[in-house]
Amino acid sequence: MVHTFISLVLIGLLSLGNAGLIPTESSPVLGALPGAARLFAGTPPELGVHEGQLAPCPESPNCVVSQNADADHAIAPLSYGSDRTVAREAVLKVLSVVPRTQVVEQTEDYIRFASGSRLLGFVDDGEFYFPAEDNIIQVRSAARLGNSDLSVNRRRLEQIRLALRDLGV
């Protein structure tokens, strides 16, 4: 029952327009649900690159990763033909136009972002790792809460892949 409710909520979220990353209690959408934005935002997990690897996905289907994943969680890394700095700047440019998305951490070889849903403020965490030795970008994206995300994280990364391709990266 709870999974059905969350799935229905996520379907509704996908059809809504842009809003702030994590809606506040004064958000017009959440006016009838004070405190809901913080309730569904979850706590940011410990992420990052450890020994050249992004974190593995949990067993839940709301995560994809390009390194050492099983078939259900696997997604191909992004590839680029330019140099790493150009690819990194292109990723930042694309993220700047992804609705309800903020870059929360960045270094020369790593970008972390948070992307929120409009209605209830569910937050997904995404990562891009740019290994120095390859012209690929390792990726990971996962929901902070719940079980199913209706493939939102996978679709978001695939849309970013297409946007980078359109930019000639």
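This is a predicted model: local features need pLDDT of at least 70, side-chain atom pairs count only at pLDDT 80 or more; totals for chains, interfaces and linings use all residues.
**Overall composition**

The protein contains 4 helices and 6 strands. Read from the N terminus, the elements follow the order α-α-β-β-α-β-β-β-β-α. The chain comprises 169 residues, of which 44% count as buried. Among contacts in the protein with a separation of 6 or more, 59% are accounted for by residues 24 or more positions apart.

**The disulfide**

The structure holds 1 disulfide. The bond joins C57 to C63, with an S to S distance of 2.1 Å. A disulfide is a covalent bond between the sulfur atoms of two cysteines. The angle about the S-S bond is -70°, and the link of C57 and C63 is left-handed.

| Residue | Relative accessibility | Class |
|---|---|---|
| C57 | 17% | buried |
| C63 | 1% | buried |

Buried means under 20% relative accessible area. C57 has a relative accessibility of 17% and therefore counts as buried. For C63 the value is 1%, so this cysteine also counts as buried.

**Helix α4**

Helix α4 spans residues 152-166 and has 15 residues. From its first C-alpha to its last, α4 reaches 21 Å, which is close to the 21 Å expected at 1.5 Å a residue. The buried residues of α4 are V152, N153, R156, L157, I160, R161 and L164. Following α4 is G168, which has a positive phi, near 80°.

**The pair α3 and α4**

Two packed helices are described by the angle between their axes and the distance between the axes. Helix α3 covers residues 84-95, and its axis comes within 10 Å of the axis of α4. The two axes cross at roughly 120°. Because of this angle, α3 is oblique to α4. The crossing of α3 and α4 is right-handed.

Which residues make the contact between α3 and α4? On the side of α3, the contact is made by A90, V91, V94 and L95. On the side of α4, the residues are I160, A163 and L164. Of these, I160 and L164 are also listed among the buried residues of α4.

Technical notes
Residues are numbered from 1 along each chain as its sequence is written. Side-chain values use heavy atoms; hydrogens and water are left out. A disulfide is a pair of cysteine sulfur atoms within 2.5 Å. Buried means under 20% relative accessible area, exposed over 50%, partly exposed in between (1.4 Å probe, protein chains only). Helices (H or I, at least four residues) and strands (E, at least two) are DSSP runs, numbered from the N terminus. The expected span of a helix is 1.5 Å times one less than its number of residues. Axes are lines fitted to C-alpha atoms, for helices over the stretch in contact, and angles run from 0 to 180 degrees between N-to-C directions. Angles under 35 degrees count as roughly parallel, over 145 as roughly antiparallel, 65 to 115 as roughly perpendicular and the rest as oblique. A crossing is left-handed if the near helix is turned anticlockwise from the far one by less than a right angle, and right-handed if clockwise. Contact means heavy atoms within 4.5 Å.
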